Amino acid sequence: MRAIETGLPGLLLLEPKIFRDERGFFLESYNRKGFADLGITAEFVQDNHACSTQAGVLRGLHFQTPPMAQAKLVWVTRGGVLDVAVDLRVGSPTFGRHYAVELSAENFLRLFIPKGFAHAYATLTPDCEFQYKVDAPYSPRHDAGIRWDDPDLNIPWPRFATGAGPVLSEKDKTLPFFKEFHSPFVFEAPAAG
């Protein structure tokens with residue numbers, strides 16, 4: 001597994017080593033020691049699998065507040081998405097900035113999202129399957145989010161096939177704006193050495 005810096009501290013794009021032959025492919029999707037060697041020490045406790053039947057579905061921007069904040073490892077096993085993470089850590093040199101990347105079943109890329117980031121994705125294809133690991137279980141009491149189309153975040157979402165914007169859940173339609181958000185996350189600079 002190769003880690004690619006994203007410009008946002010702690011947020012890593014991961015490229016697995018893929019072994020291909022005439023039968024198909026093989027890859028390690030997770031290896032605790034390999035991830036620890038990359039500085040990823042999250043202890044994942046839950047795996048999630050979501051399917052979106054149409055292109056243009058947008059889920060997010062979601063996160064959980066402390067003490068149930070989650071680190072995530074995300075990837076796509078069918079179709080493709082535009083995946084976005086936003087730094088919510090007060091004191092971070094990249095507070096309020098986002099990182100966007102296309103994750104797909106073809107490129108095999110993964111994104112490690114540390115605690116203190118909001119996360120969202122928009123499906124680029126129909127019948128898209130999105131998978132992720134989290135290091136804390138879902139907690140409805142700590143569930144939170146920010147509007148996907150927040151003008152202060154200026155995320156470059158794709159053009160949506162519906163013409164009227166993305167397909168959203170009722171919850172995601174009513175999330176607050178970034179300027180209304182008071183972050184409970186504090187940036188901790190990596191230790192020197």
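Is strand β6 (residues 58-64) mostly covered or mostly open, and how many of its seven residues are buried? I checked, and β6 is mostly covered, with five of the seven buried. For me, buried means under 20% relative accessible area, exposed means over 50%, and partly exposed is in between (1.4 Å probe, protein chains only). Strands here are DSSP runs of E with at least two residues, helices are runs of H or I with at least four, and both are numbered from the N terminus.

**Ground rules.** I'm working on a predicted model, where local features need pLDDT of at least 70, side-chain atom pairs count only at pLDDT 80 or more, and totals for chains, interfaces and linings use all residues. Residues are numbered from 1 along each chain as its sequence is written, and side-chain values use heavy atoms, with hydrogens and water left out.

**Partners of β6.** I looked up pairing next, which takes at least two DSSP bridges between two strands. β6 pairs with strand β11 (residues 117-123) in the antiparallel sense over four bridges, and R59 stands opposite Y121 there. β6 also pairs antiparallel with strand β13 (residues 143-145), over three bridges. In that pairing, H62 stands opposite G145.

**F63 and its rings.** I counted ten aromatic pairs in the structure. Rings of Phe, Tyr and Trp (its six-membered ring) pair if their centres lie within 6.5 Å; planes under 30 degrees apart are stacked, over 60 edge-to-face, and the rest tilted. F63 and F181 have ring centres 5.4 Å apart and planes at 70 degrees, so I logged the pair as edge-to-face. This pair links distant parts of the chain, from F63 in β6 to F181 in the segment after α2 (170-173), 118 residues apart. Both F63 and F181 are buried. F63 and F185 are edge-to-face too, because their planes are at 70 degrees, with centres 5.9 Å apart. F185 also sits in the segment after α2, 122 residues from F63. F63 counts as buried at 4% relative accessibility, and F185 is buried at 6%. I noted one aromatic cluster made of F63, F95, F178, F181 and F185.

**The open sheet.** Six strands form an open sheet in the order β1-β2-β10-β7-β12-β5, with antiparallel pairing. The edge strands, β1 (2-5) and β5 (46-52), each pair on one side only.

K133 lies over the face of Y30, 5.2 Å from the ring centre. My cut-off there is NZ of Lys or CZ of Arg within 6 Å of the ring centre and within 35 degrees of the ring normal.
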